[in-house]
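Thanks for coming. I will take you through one structure, and please keep the picture in view while I talk.

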Amino acid sequence: MSVQSAAADVDVDLRQLFASLARNWLRILIVALVVTGLAFALTWLATPHYRAETRLLIETRESVYTRPDGTNDNDKPILDEEGVTSQVEVISSTDILKQVAQKLDLSRLPEFDETADMPALSRLLVVAGLKSDPNEIPPEERVLTKMREKLNVYRVEKSRVIVIEFSSEDPRLAAAIPNAIADAYISVQGNANIESNSAATDWLAPEIADLSKRVKDAEAKVASYRAQSDLLMGGNNSVLATQQLSELSSELSRVRANRASAAATADSVRRALQNGGSLDAVPEVLSSGLIQRLRERQVELKTNIADLSTSLLDNHPRIRALRSQLADLDRQIRNEAEKIMTGLMTQAQTAQARENQLVADVNTLKAASARAGDQQVELDALQREATAQRQLLESYLTRYREASSRKDSNYPPVDARVFSRAVAPSQPYYPKILPIIGAALVGSLLVMAIVTLLQELFSGRAMRPAAGARFERIEQVAMPVAREPPNHEPPDHEPPNQESADIEDLGDRMAEVQAEPQAAAAAPATGPATGDDVGPARRSLGEVEIDKAVEKLITSGAARAIFVSPEGDEAAASAVLVAREVSDTGLRVLLLDLTASGAASRPTLDSRLFPGITDLLASEAQFSDVIHADLYSDCHVIPVGNADPVRAMRAADRLPIIVQSLTTAYDLVVVECGPTDAQGISRLVGEGTEVFLSLLEPNDEVARAAVELIESGYPDLTLVTPVGHQTPGTPLPGRRSAA
């Protein structure tokens with residue numbers, strides 16, 4: 001539930017606010033000067049501290065002359081970010097700090113061991129038990145604790161540079177300790193590398209001896225198996241049988257090619273001779289020297305015959321002689337071609353015989369090569385084992401020689417170097433008198449200014465009404481003067497009081513309404529009621545004051561109190577006063593304003609703009625937004641709200657659910673309904689409900705409203721009046737008195 005206040009209707013007067021600084025300048029200045037003086041005294045009396053730093057660079061220190069064979073700069077990776085951070089932890093380790101402390105004999109200095117020169121005040125505190133005795137801690141641990149407090153080792157961001165920073169009261173010691181830590185770190189790293197080399201040589205020596213024996217055994221197995229299997233090696237490191245098989249296969253292919261060529265040529269010559277075709281298309285015939293000469297002679301004779309045919313007839317003896325020579329030349333050419341064919345056939349037969357012999361030899365070598373292949377597989381396995389053992393032996397021997405040489409020469413390749421050594425500082429880093437005094441002056445001025453501004457704000461002097469804000473007076477219900485009980489017989493010298501007559505008339509009407517349901521069962525009436533009988537009947541209907549209404553609600557344990565105000569807004573004060581009185585008893589009370597004008601919630605809140613029941617019905621707000629605190633009591637209030645009433649009444653069916661939820665959360669829900677009737681409050685009545693009719697002056701309108709409520713099913717109607725009520729006690733702090 002949110003509590004709204006009037007702070008939204010006011011603004012801060014900046015001119016008035018900052019004018020308070022000018023009014024209080026002397027106080028601000030005096031406090032600032034006092035604080036500045038104290039800061040100057042403290043810095044002047046403080047012991048100066050000096051700081052120095054040593055820087056190391058993490059890098060590979062191997063050179064081209066000391067690097068092992070077969071390696072380069074890329075084979076050994078440089079430390080990454082995690083590796084450099086690990087070196088930071090190594091530098092600040094306990095072992096290195098112990099070495100530096102022993103080397104510089106820091107335990108004798110009071111700066112590192114307070115027991116060396118303990119002040120008298122510290123001794124008294126130890127004796128009194130107000131301080132722990134430093135003698136109970138070992139001296140070495142005391143020195144290490146002080147060193148860690150003054151030491152700062154860190155890595156420069158995005159680099160492999162490590163900074164060793166140390167502060168001390170002695171400038172020379174501030175430079176000597178980081179240098180000593182850097183030297184100790186380099187020494188530790190070098191010793192670690194030497195120990196690594198020693199461990200490597202100690203492990204490699206027996207491994208090399210055992211591996212040499214295994215290499216010898218493996219090579220002996222290879223030689224023995226080769227002798228037993230009779231595997232002769234030929235060229236190209238292959239078995240002799242395999243090499244011979246390859247050569248015979250090549251020879252067989254060549255012979256087959258020659259045989260096939262000779263057979264094909266002989267066949268072509270044969271077909272040419274049998275068919276009488278030309279022998280010029282056969283290359284082997286043309287390549288014969290005799291046939292070439294015969295062809296030349298044949299061409300010459302044909303030329304002569306052609307020349308003589310121009311002058312001689314075909315039967316001329318000379319032409320006939322030339323034609324006879326030409327026919328002899330053709331026969332000689334064919335005879336010579338037959339001889340060539342016979343030679344080719346003989347060559348093919350010879351190649352066939354050679355082929356048959358080579359096939360037999362190849363088959364023999366195939367069997368021998370297969371046996372040699374199986375033996376070669378086993379031999380290769382033995383050779384691979386021997387080769388692997390030998391390569392491992394050679395690798396171990398190389399590493400052993402390198403490690404031995406480093407061990408013998410005591411060469412530690414440390415991957416770090418000091419590139420900036422610390423020097424004794426000439427100026428202390430603490431205290432910085434001028435910056436501290438300046439900060440004290442500025443800070444004290446700022447703090448005093450803030451304190452002054454806050455005082456001005458909380459006092460309310462710097463507040464002014466906000467632009468557009470409307471501050472209206474809280475409407476107070478005018479309470480009539482407490483009236484005396486009506487006198488049925490006024491004095492003779494005074495006329496009858498109109499107020500007393502109205503009350504008597506209201507009592508008569510209520511008595512009649514109350515008597516009607518009981519007329520059938522009652523005794524016969526003896527006569528009309530007299531004026532003396534009206535008073536008790538009126539009182540029996542419950543016309544009470546605020547205190548009696550509060551008492552009735554508390555004693556009956558009512559969960560809801562429905563107030564009807566026929567006289568309008570002024571009579572709504574009864575609901576407000578009852579709600580406040582019940583909340584003052586410690587119960588949780590909520591006042592729900594259902595009047596059209598917000599008469600019940602206006603005296604309880606400081607603004608009419610708060611969301612209320614109409615906003616809740618219109619689904620424009622939640623419960624926590626519409627519940628507000630009363631200005632004058634612990635009672636909570638739900639005002640009318642700002643939503644459209646027509647739209648809100650469309651969701652009137654939700655009103656019983658809302659009231660039931662409020663009844664669950666509060667001990668009592670007081671509902672002010674205004675000048676409504678019985679049908680208007682029917683939605684609000686539930687279990688544990690008390691109905692009240694609020695009146696200021698008895699009149700016919702109030703009487704009719706009371707009669708209607710009684711006739712509509714509310715016989716326990718209670719009339720309550722706020723007239724003459726006085727709010728007891730004092731108002732809550734910061735609140736005005738109740739209306």
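Some ground rules come before that. This is a predicted model, in which local features need pLDDT of at least 70 and side-chain atom pairs count only at pLDDT 80 or more, while totals for chains, interfaces and linings use all residues. Residues are numbered from 1 along each chain as its sequence is written, and side-chain values use heavy atoms, with hydrogens and water left out.

Now the sheet. Helices (H or I, at least four residues) and strands (E, at least two) are DSSP runs, numbered from the N terminus. In what order do the 8 strands of the open sheet stand? The order is β7-β14-β13-β8-β12-β9-β11-β10, with mixed pairing. β7 (544-545) and β10 are the edge strands, as each pairs on one side only. Pairing here means that DSSP finds at least two bridges between two strands.

β7 and β14 run parallel and are joined by 2 bridges, and Val544 stands opposite Val720 in β14. β14 also runs parallel to β13, with 3 bridges between them; here Phe692 is opposite Thr718. Going on, β13 (residues 689-694) is joined to β8 (residues 560-564) by 5 bridges, again in parallel. Ala561 faces Glu690 across that pair.

Look at the side chains of β14 (residues 718-721). Thr718 and Val720 point one way, Leu719 and Thr721 the other, and all are buried. Buried means under 20% relative accessible area, exposed over 50%, and partly exposed in between, with a 1.4 Å probe and protein chains only.

Is His628 buried or exposed? Its relative accessibility is 1%, so His628 counts as buried. A polar atom of its side chain is 3.3 Å from the backbone oxygen of Val626.

Next, the helices. α7 (residues 171-229) has 59 residues, which at 1.5 Å a residue should span 87 Å; the end C-alpha atoms are 86 Å apart, which agrees. The expected span is 1.5 Å times one less than the number of residues. At the start of α7, a side-chain oxygen of Asp170 comes within 3.2 Å of the backbone nitrogen of Arg172.

In helix α11 (residues 317-409) we find Asp330, partly exposed at 32%. Asp330 and Gln298 are 32 residues apart in sequence, and their C-alpha atoms are 8.0 Å apart.

α2 (25-45) and α12 (433-459) each supply at least two residues, and the largest share, 7 residues, comes from α2. Leu38 is in α2 and is exposed at 55%.

Last, salt bridges: a side-chain nitrogen of Lys or Arg within 4 Å of a carboxyl oxygen of Asp or Glu. How many are there in the whole structure? The search finds 18. One of them joins Arg647 and Glu620 at 2.8 Å, N to O. Arg647 is in helix α19 (residues 645-649) and Glu620 in the loop between α17 (613-617) and α18 (623-626), so the pair ties together parts 27 residues apart in sequence.

Note on methods: A polar contact is a pair of N or O atoms within 3.5 Å; within protein, one must be able to donate a hydrogen and the other to accept it, and residues adjacent in sequence count only if both atoms are side-chain atoms.
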